[in-house]
Amino acid sequence: MAAPAGKVARGWSVLALGLRSAVPRLPGLTQVRWSRYSPEYRDPQTDKEYYRKPLAELTEEEKCEQELRKTQLIKAAPAAKTSSVFEDPVISKFINMMMKGGNKVLARSLMTQTLEAVKRKQFEKYHAASAEEQATIERNPYTIFHQALKNCEPVIGLVPILRGGHFYQVPVPLPARRRRFLAMKWMITECREKKHRRTLMPEKLSHELLEAFHNQGPVIKKKHDMHKMAEANRALAHYRWW
Amino acid sequence: MATPCVSCGAAAFYRLFLGGRVSLTRRQGVWKAGAVELQTGTGFQILRLRHTTGVTTKKNVAALRRETYTVDFIKKQIEEFNIGKRHLANMMGEDPETFTQEDIDRAIAYLFPSGLFEKQARPVMKHPEQIFPKQRAIQWGEDGRPFHFLFYTGKQSYYSLMHEAYGKLLEAEKRQNQLQAKGLFSEKTETKDLIGSRWLIKEELEEMLVEKLSDQDYAQFIRLLERLLTLHCGAEEEFVQRFRKSVTIQSKKHLIEPVQYDEQGMAFSTSEGKRKSAKAEAVVYEHGSGRIKVNGIDYLLYFPVTQDREQLMFPFHFLDRLGKHDTTCTVSGGGRSSQAGAIRLAVARALCSFVTEEEVEWMRQAGLLTADPRVRERKKPGQEGARRKFTWKKR
């Protein structure tokens, strides 16, 4: 049988009802990190334009893929996803990372307030600036947000590798999702910890985002520190085997 | 399967039912009564009491060999099964001639009601072909010489199949060359229904050949068949079709609600949706201005959170029908997010009646028509929550 997803653990066995009954049950072994969906379920595609494309424009691959999708089972769309044009996957991910204790309402409102604050600050600068400078000032909060996070992404990271009883910090190229995660994580940690008790999150976060947009500020500094450490440990690079 | 493997040591079988033979194999050692197992036993046999000995006896090598069923044995089982089927039909007062397998299943479920959770542990009466694993007859004659010329390869069915397939490939190529030489070769590329069917998986092929295969063997075979397919020869079609299995087109499974008409002649469609413990029922009218009423309250007041309202809008926005339908919903149970999800599902299902089949398929691929099966995971004993363990203390 195909190996079940996730590792197995001994101990308590979970009665799986619903869509998961096809999984083999080994006595004494249970599955950890399992999903209510069977492994053959695929992720949904909520983008409207994908479906509205006329047949002539599709490449061979896309046609094959479309035909294949007709035979596949699809999971339900999650509650935070819509086909709306205003939805941004990066913003959704950031909101989820900011969320504490499942309070999505608060996280989302903080995000909207942050974007509003960014926009207000930029508009103030815009109105105060001369004609030539006005062309260079970016006012769209979404582009500022994306650019700031992109500027914060490290290119290379450090991984502790065990050799001869000691852990060495080895420089390692990071996959794209790890980079995006680190950028967001650093941003959020920075804003939570290094602020005055009375300042609110949107204010601090908008300030940090604008600084990162201009390649300044503590988060960019953290990225540079990471790069410097990787450069310093260059000699250990051969410890990496992948 | 819920059946554990054959335990070490001897096992004694008791057959209880309708005067079946009682065969008892006694072994030295302590009898230890095991649990009564309901196994998918032979034909008519329903209950099998399994006794396992203690550790004191030597390992019985003979019993560890896989049980081989002779052809006569299987034939006898089939006869017994047929006779038993007629008896059962008589008992149920049905016609023995037209007693199908579904009738047998229903009769057994009626006569032997079982509360066991594991469906495969319940009493079963099926044709012996489905119960006994397929086994191969003796491959050699009385003089010891094997029947099949590929016997000494070890995997005779597999290699003979490869041999056959390759022979067909060569023939097809030869035919194509001949046609090309004559100039009659036309580049007709009939697109077969490649999406509606799939190759047999390795397990299915193993079952078909009654032989173990390795992954490389299987891959090699599939490559050969695909090469055969590219040649587009009609004669080999049915040979290749033997190794293809059809795959269900998922969209055909959905039931589309019929459109109903109310007193004013306005068309509407009703359907239900569920999410966690919230249940919703939505009535979508064909013509309207995009008003949504939830439990008699306007949706703007019922769902103050933007995310929930976006979820309500999702099916309409996806189909570009935002301001065109009026909706009335009733919802109960769950929390604010699950109520929104339940209404979304109900609305999407109701919209299926007003929309083309292609758009229904699009909605399905966007995840609008699948009921979300995720529920709250229970807390386990010995842990603080569903996943969180208690703080680990060294001492």
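The C-alpha centres of domain 2 and domain 3 of chain B lie 49 Å apart. The domain bounds come from an automatic or database domain assignment, which gives domain 1 of chain B as 71–130, domain 2 as 156–186 + 193–246 and domain 3 as 260–366. This is a predicted model, in which local features need pLDDT of at least 70 and side-chain atom pairs count only at pLDDT 80 or more, while totals for chains, interfaces and linings use all residues. Residues are numbered from 1 along each chain as its sequence is written, chains are lettered from A and ligands numbered from 1 in the order in which they are written, and side-chain values use heavy atoms, with hydrogens and water left out.

Chain A contains nine helices and four strands; helices (H or I, at least four residues) and strands (E, at least two) are DSSP runs, numbered from the N terminus. Their order from the N terminus is β-β-α-α-α-α-α-α-β-β-α-α-α. Of the 242 residues in chain A, 34% are buried, where buried means under 20% relative accessible area, exposed over 50%, and partly exposed in between (1.4 Å probe, protein chains only).

In chain B, helix α5 (residues 156–182) has 27 residues and should span 39 Å at 1.5 Å a residue, which agrees with the 39 Å between its end C-alpha atoms. The expected span is 1.5 Å times one less than the number of residues. Buried residues of α5(B) include B:L161, B:A165, B:L169 and B:A172. An α-helix has 3.6 residues a turn, so residues three or four places apart point the same way. The cover over the buried residues of α5(B) includes α6 (202–209), α7 (215–230) and α8 (237–241) of chain B, with contact meaning heavy atoms within 4.5 Å. Just after this helix, B:G183 takes a positive phi of about 85°.

Helix α11 (residues 336–351) of chain B has 16 residues and reaches 22 Å from its first C-alpha to its last, close to the expected 22 Å. Because 13 of its 16 residues are buried, α11(B) is largely enclosed by the rest of the structure.

Salt bridges are a further feature: a search over all chains finds 28, each being a side-chain nitrogen of Lys or Arg within 4 Å of a carboxyl oxygen of Asp or Glu. One of them joins B:D217 to B:K155, with the closest N and O atoms 2.5 Å apart. This pair links distant parts of the chain, since B:D217 lies in helix α7 of chain B and B:K155 in the loop between α4 (128–131) and α5, 62 residues apart. B:D217 counts as buried at 11% relative accessibility, whereas B:K155 is partly exposed at 22%. A network of salt bridges also links A:K48, A:R52 and B:D320.

On the surface of chain B, B:M91, B:M92, B:Y110 and B:L111 form a nonpolar patch with about 420 Å² of accessible area together. Patches are made of residues with over 30% relative accessible area and no salt bridge, like charges being joined within 9 Å and nonpolar side chains (Val, Leu, Ile, Met, Phe, Trp, Tyr) within 5 Å; accessible areas come from the Shrake-Rupley method with a 1.4 Å probe, and for residues only the protein chains shown count as cover. Helices α2 (71–92) and α3 (101–111) of chain B each supply at least two residues of the patch. B:Y110 lies in α3 and counts as exposed at 61% relative accessibility.
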